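Keep the structure open beside you as you read.

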Amino acid sequence: MTTTHEVTNQVPPLVDYDASDYAPYAEALTRAGATDAHDRIHRIGVEAGSAEVQHLGDLAERNKPILHTHDRYGNRIDQVEYDPSYHELMRRAVGFGLHGAPWASDDPHAHLERALGMSIWMQTDAGHGCPISMTYAAVPALRVDPALAAQYEPGLSNRAYDPSFAAPAGKAGLIAGMSMTEKQGGSDVRANTTRAVEQPDGTYRLTGHKWFTSAPMSDILLTLAQTDAGVTCFVLPRVLPDGTPNAIALQRLKDKLGNRSNASSEIEYDGAVGWRLGDEGRGVRTIIEMVNMTRLDCTIGSASSMRVGVQQAAHHAVHRSAFGKAIVDQPLMRNVLADLAVEAEASSTVALWLGDLTDQALAGDERAIALRRIGLAVSKYYVCKRAPMHAAEALECLGGNGYIEDSRMPRLFRESPLMSIWEGSGNVAALDTLRAVGRQPETLTALFDELDAASGSDVRLDAFVSELKADFADLETLEHRARRVVGDLALALQGSLLVRFGHPAVADAFAATRLDRDWGTVFGTLPTGLDLAPIIERATPKVG
């Protein structure tokens, strides 16, 4: 066979590196006084960056779950078959304690460490992160009922993954799911029509259809249904205590843009047995802590995707040449890379700050509780909105190679819109911020106090915050302006964190663009005079 060409100027794959070796991660641990977690985080990073685990993610993405409604004899079984790679990723994530383990820990930084671990690990495959996230989030909701919490919490926090279809009491480890949305209501769960009728033994029978239920093979599902008192929260095990399957029929799996390894499904309750969680008519309030925890993971996930995107782009730019020099040294590419890096650092910084704030709030700090309430709402809105455009620009840095599936960039792009949709799309998240301000004015006070802590550090931040405070003077049009105002709250929060705790070059670039408005509508429009070298260096992964 004649050799027609030799392969040159192609970029080596970004594998076998420590995915935790990212400056904002180490800085977050140091800032919180959690430096003893460095070694544990390093172990997650080494596995996440390994060729072996990245291949597992490829397999899980490629080999989508298969629904089996009946067995060969015609018996209803309602089982989902996953690729073995999915179970292996789940096993490792549970082993790292990324599910419910922080709730069983007495480490004062357990939730920050878990947030950081999730930010690293989710680059392997986003789909299995959904049940991991919901298992984490289910615990505070279950604690509304001490008896149910005592029944399920040990399994949800144990670092053993058991995918068998069996009654929860006989399993070492449990996974939780969430089943709220119905086709006629979407985010308006008060429009749900699923009915729950109390039985003489104190259980309830649920009948109705759920439009989106992620990870339907979870051991327990937290769900909402109507009683005479209104929307109420229930816990439904997939397998009842006597070992028989609950009356939960899997109708079909959703054919989604991304998140393909996650078996999102439509399910039917046909007199399914459930246990009430919290008071009747208080279901939304009961489940809101679960929603808040999964919203935290949405912010973490979007920030993680930006870190992965800019690292892939920087790695490509270092190893690829054009017009006589490495493209990382081309002025316009440096501008793009630095801009992407600033966005990723700002998003990662606020996501991990929220993780640390969760530890403080759970310890009873009233200020942290108020600050986390509004900080989570504004960050979930803004950070998740930024991810798709960030992914698109990062992909473009690889040119045509980035548009090819084996670069993994198309997967990153497909995943990027999900976090803005999950747990309340953009409008819902923006309005949730205004709801917090209206019902709990102390949340806005706490946020402005946090911003004022950076007062005098940067004149651009000071001017931005001053204008932002004035935005709340006109309450009549606030809902109409919600997206802009909430976005500006998020920018001010990110800017204040970077000015106080970030790298000076990153903080300067952020303030000069996001706060001083000297910025175009696309990435790569940083003004002249900024020091881009340390920004790009912090974004470039170290391999070998």
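For the residue classes used below, Ala, Val, Leu, Ile, Met, Phe, Trp, Tyr, Cys and Pro count as nonpolar, Asp, Glu, Lys and Arg as charged, and the others, Gly among them, as polar. Bear in mind that this is a predicted model.

Rolling a probe the size of a water molecule over the atoms shows where empty space is left. Here the structure holds two cavities of 30 Å³ or more. The largest cavity has a volume of about 50 Å³. To find it, select Pro-24, Glu-27, Arg-31, Glu-345, Thr-349, Leu-497, Leu-498, Phe-501 and Gly-502, which line this space. Helix H1 (23–32), helix H9 (331–362) and helix H16 (482–501) are the elements that give two or more residues to that lining. Sorted by class, the lining of the largest cavity has four nonpolar, two polar and three charged residues.

Now turn to the second largest cavity, which holds about 40 Å³ of space. Around this one you will find Asn-292, Arg-295, Arg-372, Arg-373, Leu-376, Ala-377 and Asp-432. The largest share, four residues, comes from H10. By class, the lining of the second largest cavity has four charged residues, along with two nonpolar and one polar.

Note on methods:
Residues numbered from 1 in each chain as written. Predicted model: local features only at pLDDT ≥ 70, side-chain atom pairs only at ≥ 80, totals over all residues. Heavy atoms only, no water. 1 Å grid on protein atoms, 1.4 Å probe; cavity = no way out; pocket = protein on both sides within 12 Å on 5 of 7 lines; lining within 4 Å. Points joined across faces, edges and corners; volume = space filled by probe spheres on them.
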